[in-house]
Amino acid sequence: MLRYSTSSSGDELSSFKEYVSRMKENQKDIYYITGESKDIVSRSAFVERVIKRGYEVIYMIDPIDEYAVQQLKEYDGKKLVCVTKEGLELPESDEDKKKQEEQKAKFEELCKVMKEILDKKVEKVVVSNRLVDSPCCIVTSQYGWSANMERIMKAQALRDTSTLGYMAAKKHLEINPDHPIMESLRLRIEADKHDKSVKDLGMLLFETSLLSSGFTLEDPFTHASRIHRMIKLGLGIEDDGTGLADISTEDMPTLEADVDDADQQKMEEVD
């Protein structure tokens, strides 16, 4: 009765039985992702490495799927694993495991600094094993809502808001150690842990990851202001009141580091 589009089924719908018959020998779990449409989930950062490794992903794009999968934990002895949640374990060789441990150690300081920047916005920042082309993504805890479920619940006309507090997705930021953006940030922090640009770049990466991972922004204006600031820097526009009218300096968010520097300067003057 249950049939879905998958990363391998093309325009045809596939049953769990057909999915299992196509599973690779070393594959223990059934991988799936939920979302608004096939087009969106098929281009998601979460499925990049899974599909690249040759594993099939089920696309669950009907709102009822979010409720059904909470009860349907496994099929034919195979556990259903959501690729947007923490704890995704792909079959790895000893060489891959060794490389991953080395990357964790290499990016440990960057993860620590990113967690300090994002503070309570995320529970933790870790090195990812699921990304290929994207610099980072937001995953959710194993037993919390997915981004898609959170979207569905927020859209309920008569929703019970009391559940939003503890069921809302607990966010984890996963970074791609092979991406040049993350490597550049790592080098910046290694050179200067208090680099002013890292805070804005870190927040911009986080907010962009929220959008690409299916979440909504609490403050879209601030996100837009950060992008405008980056555009001004890219165009070489100085913060002198000249340039494009719609991205005036008053609209630009102040870097947290700038505030700290100003306070430090006042303290020095007092001394």
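Student: Which residue's backbone oxygen lies 2.6 Å from a polar atom of the side chain of R49?

Tutor: Keep in mind that this is a predicted model. R49 lies in helix 3, which covers residues 48–52. Its side chain has a polar atom 2.6 Å from a backbone oxygen, and that oxygen belongs to L131.

Student: What is the nearest side chain of opposite charge to R49, and how far away is it?

Tutor: R49 is buried, yet has no salt bridge. A salt bridge needs a side-chain nitrogen of Lys or Arg within 4 Å of a carboxyl oxygen of Asp or Glu. Leaving aside neighbours within four places in sequence, R49 is in contact with L90, N129, R130, L131, V132 and D178. The nearest side chain of opposite charge is D178, at 4.1 Å.

Student: Why does K104 count as partly exposed?

Tutor: K104 lies in helix 5, residues 94–106. Buried means under 20% relative accessible area and exposed means over 50%, with partly exposed in between. K104 counts as partly exposed because its relative accessibility is 38%.

Student: What separates the C-alpha atoms of K104 and V126?

Tutor: Along the chain, K104 and V126 are 22 residues apart.

Student: How much accessible area do I227, I231 and L235 have together?

Tutor: Start with I227, which is found in helix 11, residues 220–235. I227 is partly exposed, with a relative accessible area of 33%. I227, I231 and L235 form a nonpolar patch on the surface, and together their accessible area is about 260 Å².

Definitions and conventions:
Residues numbered from 1 in each chain as written. Predicted model: local features only at pLDDT ≥ 70, side-chain atom pairs only at ≥ 80, totals over all residues. Heavy atoms only, no water. Helix = DSSP H or I, 4+ residues; strand = E, 2+ residues; numbered from the N terminus. Buried < 20%, exposed > 50% of the residue type's maximum accessible area, 1.4 Å probe, protein only. Lys, Arg positive; Asp, Glu negative; His and termini not counted. Polar contact = N/O pair within 3.5 Å; in protein donor to acceptor, adjacent residues only side chain to side chain. Contact = heavy atoms within 4.5 Å. Patch = residues over 30% accessible without salt bridge, like charges linked within 9 Å, V, L, I, M, F, W, Y side chains within 5 Å. Areas by Shrake-Rupley, 256 points an atom, 1.4 Å probe, with all protein chains shown as cover.
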